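Here are some notes to read alongside the model, written as numbered points. Please keep the structure open while you go through them.

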Amino acid sequence: MQEPELHDLSDDADYAASQQQGSASMMRSDSGKHSSSSEHDGAEVVYMKDNVTIHPSMLASERISGRLRLIKQGSSLFMTWIPYKGQNSNARVSDKDRILYTIRPVPMTDVRSIRRHTPALGWQYIIVVLATGLAFPPLYFYNGGVKEFLATIKQHVFIVRSAEDANVFIVNDFQNPLQKTLSSLEIPRALSVGSEPSTSFSVGEASVDENQERMSVDIQNDNINISQYNERQRQKAHDPARDLSIQVLEKFSLVTKFARETTSQLFRDSHSNGYGAIERRSNSLSSIDYPSQKASDDWDKVPDKSPVPQDPLEFDKLSLVWGKPRQSPLGSDEWFTFLDSEGRIMDSEALRKRVFYGGVEQKLRKEVWPFLLGYHDYDSTYAEREYLKAMKKAEFETVKKQWQSISPEQARRFTKFRERKGLIDKDVVRTDRSLSFYDGDDNPNVNLLHDILLTYSFYNFDLGYCQGMSDLLSPILFVLEDESESFWCFVKLMERLGPNFNRDQNGMHSQLFAITKLVELLDSPLHNYFTQRDCLNYFFCFRWVLIQFKREFEFDKTLRLWEVLWTHYPSEHLHLYVCVAILKRYRSKIIGEQMDFDTLLKFINELSGHINLDAVVRDAEALCICAGENGDACIPPGTPPSLPAEDGLLYPQQELDDVL
C-alpha cells in the first residue's frame with residue numbers, strides 16, 4: 001500500500017512564527033519554578049498551560065479546568081493534564097469526576113496523532129489519539145496556546161502534518177532505525193511493546209490545589225509515574241512480541257490511511273449479513289461445541305477455570321428493578337390516537353417512549369420511521385408532509401441526474417466517481433441477499449440500493465461512500481419501499497452516524513472511548529481485566545458501533561433495535577449502554593476463560609445471532625438509569641449520534657449561560 005505523503009510542520013506559517021517563541025515563552029513566564037524543578041531526577045517542564053478544560057457534558061457547570069504540561073526526562077517527553085481543586089476549581093464537579101478525567105503522564109511514544117481545531121468563533125481545542133486507538137476527551141484552550149503546544153512537541157519528538165488532513169499531526173518518537181522504517185511503511189509496530197493506558201499510572205494526588213501547589217513536589221510526583229513507566233517498559237522489553245495479526249487489528253482503529261479499510265477487514269467473512277451470516281456460522285459453532293438453541297443463556301454458564309470477580313452492580317437484580325419488560329408493538333389503531341385531526345403528533349415524547357418499549361408493527365413502520373429519523377417534524381400536518389415529499393422527490397431527482405449524466409469519457413477522467421461507483425457495485429450485490437426483497441438476479445430493489453448510495457455520494461461528496469453504508473440503507477429501503485423517501489431518511493440517519501465513517505475516525509474513537517469509561521464506571525472488575533489483557537482499545541466493539549449491531553441480530557430484530565435506538569429514550573447514546581450490557585452479560589465467560597484480545601475478538605464475532613435482544617435492551621436501560629449523570633460525563637460532547645435540532649426539548653431547559 002502506498003504511503004501517504006507527509007509534510008513537516010516547517011511548511012506552516014503558524015509554526016514558523018511560533019518557533020521563535022514556542023515553549024520558550026512559556027518557560028520564561030515561570031523560569032524560577034522551572035529551573036528549580038528541573039533538577040529532580042532530570043525532569044524538566046518544557047511547556048505549561050493553565051485553564052485547559054475538559055467538557056464532560058454540554059453544561060458549563062460541569063466543565064473541568066486544569067493544567068496541561070509537557071515534561072522532558074532524559075530523551076523522553078511526557079504529557080499530563082491535572083484538574084484543579086480548591087478555589088480555582090468548579091465546585092459542582094466531584095473529586096470522583098476529576099480523578100476520572102485526569103491524564104497522568106503519557107509518553108509521546110504512546111501517542112499516534114494530535115488533531116487541532118481552531119474555529120473562527122469559539123475556543124481552540126485538541127484531541128490526542130493514542131497508539132491503541134483510544135482518544136482522550138477534547139482539551140479546550142480558553143486562553144490560546146495550541147500553536148505553542150505543538151511547536152514544543154516538535155522540538156523534542158518527530159511530528160509531521162498529515163497530507164490527508166492539514167489539522168492532523170502524526171506523532172512518533174522513533175527509538176531505532178527499524179521502528180522508523182516500519183512506521184514509514186505504515187506497518188504495525190510488531191516489535192514494539194504494547195502501550196499502557198494513562199490510567200495505569202499510580203498517582204497519589206489526582207488534582208492540583210492552585211493555592212498550595214509546589215512545582216517541585218509536582219515534578220517529583222510525575223517523576224514517580226515516569227520512573228514506573230520506564231521500569232514497566234524495561235520489563236516488557238523481555239516479553240515475546242505480540243502476534244502480528246493482533247497488531248494489525250489494533251492498527252486498523254488508528255487515525256491513519258487504514259481507517260476506511262477497517263470495515264473491509266471486519267466484514268470480509270460476513271458481508272451478506274442477516275440469516276446468511278448465521279447460516280455460514282452454523283458449522284463453525286458446532287465445531288467449538290456451542291449449543292444451537294438458547295445459546296445466549298447457556299453461554300453464561302462457565303467452567304470453573306478461573307475465579308470471576310463479583311459484578312459490583314449485582315446486574316441481574318439491577319435489571320429486574322430498573323429495566324422494564326418489553327410490550328407488544330405499536331399498531332395502527334393505537335398510532336392514530338397519537339395524531340390530531342390534521343395529522344400532527346400531539347405528544348412526541350409519549351410516542352418515542354411507546355416505541356422504545358414495544359417497537360412498531362412492520363406494516364406501520366413506513367409511517368413511523370420518517371418521524372423517528374427526523375425527516376418529518378412531529379408537528380407537521382398530513383398536507384405539509386405530502387408537500388415535503390413532492391419537493392424532496394424533485395430535489396432527489398436533480399442530484400441523481402448529476403451522476404447519471406456522466407459519460408464514459410468523463411468517467412475515465414473522474415477518479416473519485418469510478419472508485420466510489422466500483423465500491424458500491426461490489427457491495428450492493430452482497431448486502432442482505434438472503435432476504436427475498438433483495439434476492440435473485442436483476443432484482444430492481446438491488447438497483448434502487450445502488451442508485452441511492454451513488455446519489456448520496458454526490459449529495460455528500462466530502463464523505464462519499466464507505467463500506468458499511470449499504471448495511472445502514474438496506475433496512476430503510478426494505479421498510480419504506482420508495483426511492484426518494486429512502487434516500488432522505490438515509491440522509492437523516494447519516495447526519496447522526498456519518499462521523500462513524502470520517503477518514504480521521506474521530507466519531508468511532510469517541511464512542512469507543514465512551515464505552516471504556518462506561519465499563520470502568522459500571523463494572524470496574526471487568527475494566528481491570530481488559531486493562532490486564534491489553535484490550536482497552538475496545539476494538540472488538542468496533543463493528544457493533546459502526547453499523548449499529550446490524551450483523552449481530554437477525555434482520556427483523558435489527559429493525560426492532562434500530563427503532564428503539566432512534567427514539568433517543570432514555571438516552572441518545574443508548575447504543576453505548578447496549579455494548580456494555582452485552583459485555584456484562586458475558587463477563588463470566590470472558591473472565592473465567594481468561595480470553596486475550598485475539599480470543600475475545602473471535603468470541604464477540606461468533607455471538608452474532610445468539611444475543612437475546614429483549615434482555616439486552618432491558619439491561620441497557622437499567623445501566624443507563626443507574627449511571628445517571630455519571631454516565632453522561634463519560635461520553636465526550638459531540639459523540640455520535642447527535643440529537644437533531646428539533647429534538648432539543650428532550651433536554652431540560654437551562655439558563656443561557658449554563659449551556660454551550
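Strands here are DSSP runs of E with at least two residues, numbered from the N terminus. One caution before the points: this is a predicted model.

1. Let me begin with a strand. I82 sits in β4, which covers residues 76-85. With a relative accessible area of 6%, I82 is buried, because the cut-off for buried is under 20%. I82 has a separation of 17 residues in sequence from I99, and their C-alpha atoms are 8.8 Å apart in space.

2. A record entry deserves a look next. In an unreviewed entry, UniProt lists residues 122-142 as "transmembrane region". In the model, that span is 0% helix and 48% strand, and its end C-alpha atoms lie 9 Å apart. I would read the annotation and the model side by side here, bearing in mind that UniProt annotations may be inferred rather than shown by experiment.

3. On to a helix. E397 belongs to α16, residues 382-404. Its relative accessible area of 26% makes E397 partly exposed. Between E397 and E483 there are 86 residues along the chain, while 10.0 Å separates their C-alpha atoms.

4. How many cavities of 30 Å³ or more does a search of the whole structure find? The search returns six. Two or more lining residues come from each of α21 (483-497), α25 (555-566) and α26 (574-585). Of the elements, α21 gives the most, with three residues.

5. By class, the second largest cavity is lined by six nonpolar, four polar and two charged residues. Domain 2 (275-327 + 504-632) and domain 3 (381-501) each supply at least three residues to this lining.

6. Two peptide bonds are worth checking by eye. Y569 and P570 are joined by a cis peptide bond, with omega about -5°, and P570 is placed in the loop between α25 and α26. The bond from P640 to P641 is also cis, with omega near -5°.

7. Now for backbone angles. D442 is not a glycine, yet it has a positive phi of about 55°. D442 is in the loop between α18 (415-428) and α19 (444-459). Y538, again not a glycine, has a positive phi of about 55° too, and its place is the loop between α23 (524-532) and α24 (542-546). Are these residues buried or exposed? D442 is exposed, with a relative accessible area of 72%, whereas Y538 is buried at 0%.

8. Finally, the cysteines. A disulfide is a covalent bond between the sulfur atoms of two cysteines. The search of the whole structure finds zero disulfides. C541 is buried, at 0% relative accessibility. C466 is buried as well, with a relative accessible area of 6%.

How values were computed:
Residues numbered from 1 in each chain as written. Predicted model: local features only at pLDDT ≥ 70, side-chain atom pairs only at ≥ 80, totals over all residues. Heavy atoms only, no water. 1 Å grid on protein atoms, 1.4 Å probe; cavity = no way out; pocket = protein on both sides within 12 Å on 5 of 7 lines; lining within 4 Å. Points joined across faces, edges and corners; volume = space filled by probe spheres on them. Helix = DSSP H or I, 4+ residues; strand = E, 2+ residues; numbered from the N terminus. Nonpolar A, V, L, I, M, F, W, Y, C, P; charged D, E, K, R; others polar. Domains from an automatic or database assignment. Disulfide = S-S within 2.5 Å. Buried < 20%, exposed > 50% of the residue type's maximum accessible area, 1.4 Å probe, protein only.
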